[in-house]
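Work through the exercises below with the sequence and the structure at hand. Each task is followed by its solution.

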Amino acid sequence: MSEYLSEEEQLERLRSWWQDYGTAVLVAVVLAVGGYAGWQWYERNSHEQALHAAAIYQSYLDAGDDEARQDAALAELKKDAQGSAYEAFVLLRRAGIAVKAGDLEKAQSLLADVVDHADDELLKSLARLRLAGVLQGLDRSDEALALLDGIRAEGYRTQVLEMKGDILLARGDRAAAHTAYAAAFAALEEGQKDALLEAKAKNTAAPSASTAVDPDDDATEEAAVDTGVDSAPAAEAADPATKE
């Protein structure tokens, strides 16, 4: 007797197997091919959307001081690319202009739009940081502090702590402001200097405390605990066209 199945036996087993499992295998193959094609379509479509958003953003920049053209470009971004980095860049720019013009209510609305819709967490954190400053300017320090406590993206620890110190000092809480400033100083990258921040920490220290702020000092490190901000190296989200 041969060790191998005859050709007829092999074909018969194949037919039997196909009757039992062939449809399921065919469906799986179709889904696999369809999934790959779907992914390819998604990649291509995403790329086209990104190019479209970039083109709209460029049209916003090209508008110069023409507010009507700027408004039209922003409206198009909101329609076709809401949540994109390009929309966030425009809103952050406009918020900065509004702050310079003294229109803090408008700046608040624009920055809140970024916080609510931006896809990128770093841009959300940047908007929260700027929004906290605007809220402080509107005498809403409780809201500003709560907003700062919610910023946990990498790169903003020092800025968040320094702003908390500024707000606490404005509220008359000198000791808490010093704790925040000292923690901010401790969060600086190794070798990084910030004379203004160091001066803030020294000027808010208790009269009996040392006038020097040492980022390696145990007391300073202890002050950095429970600040509600993750430790990370300083970084800044930047507009690809112009840094503000």
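**Exercise 1.** Find which helix of the protein chain has the lowest confidence and which has the highest.

Solution. Where pLDDT is low, the predicted coordinates should not be read in detail.

**Exercise 2.** Determine how helix α5 (residues 121-137) is oriented relative to helix α6 (residues 141-149).

Solution. Step one: the two axes come within 8 Å and cross at roughly 165°. Step two: angles over 145 degrees count as roughly antiparallel, so α5 is roughly antiparallel to α6. Step three: the crossing of these helices is left-handed. Step four: the residues in contact include Leu 131 and Leu 135 of α5, and Ala 144 and Leu 147 of α6. By class, this contact between α5 and α6 comprises seven nonpolar, two polar and two charged residues.

**Exercise 3.** Describe the packing of α6 with helix α7 (residues 157-170).

Solution. First, the axes lie 10 Å apart at an angle of about 160°. α6 and α7 are therefore roughly antiparallel. Second, α6 crosses α7 in a left-handed sense. Third, among the residues that meet are Leu 145 and Leu 148 in α6, and Met 163 and Ile 167 in α7. Seven residues of the contact between α6 and α7 are nonpolar, one is polar and two are charged.

Terms used: Residues are numbered from 1 along each chain as its sequence is written. This is a predicted model: local features need pLDDT of at least 70, side-chain atom pairs count only at pLDDT 80 or more; totals for chains, interfaces and linings use all residues. Side-chain values use heavy atoms; hydrogens and water are left out. Axes are lines fitted to C-alpha atoms, for helices over the stretch in contact, and angles run from 0 to 180 degrees between N-to-C directions. Helices (H or I, at least four residues) and strands (E, at least two) are DSSP runs, numbered from the N terminus. Angles under 35 degrees count as roughly parallel, over 145 as roughly antiparallel, 65 to 115 as roughly perpendicular and the rest as oblique. A crossing is left-handed if the near helix is turned anticlockwise from the far one by less than a right angle, and right-handed if clockwise. Contact means heavy atoms within 4.5 Å. Ala, Val, Leu, Ile, Met, Phe, Trp, Tyr, Cys and Pro count as nonpolar, Asp, Glu, Lys and Arg as charged, and the others, Gly among them, as polar. pLDDT is the predictor's confidence in each residue, from 0 to 100.
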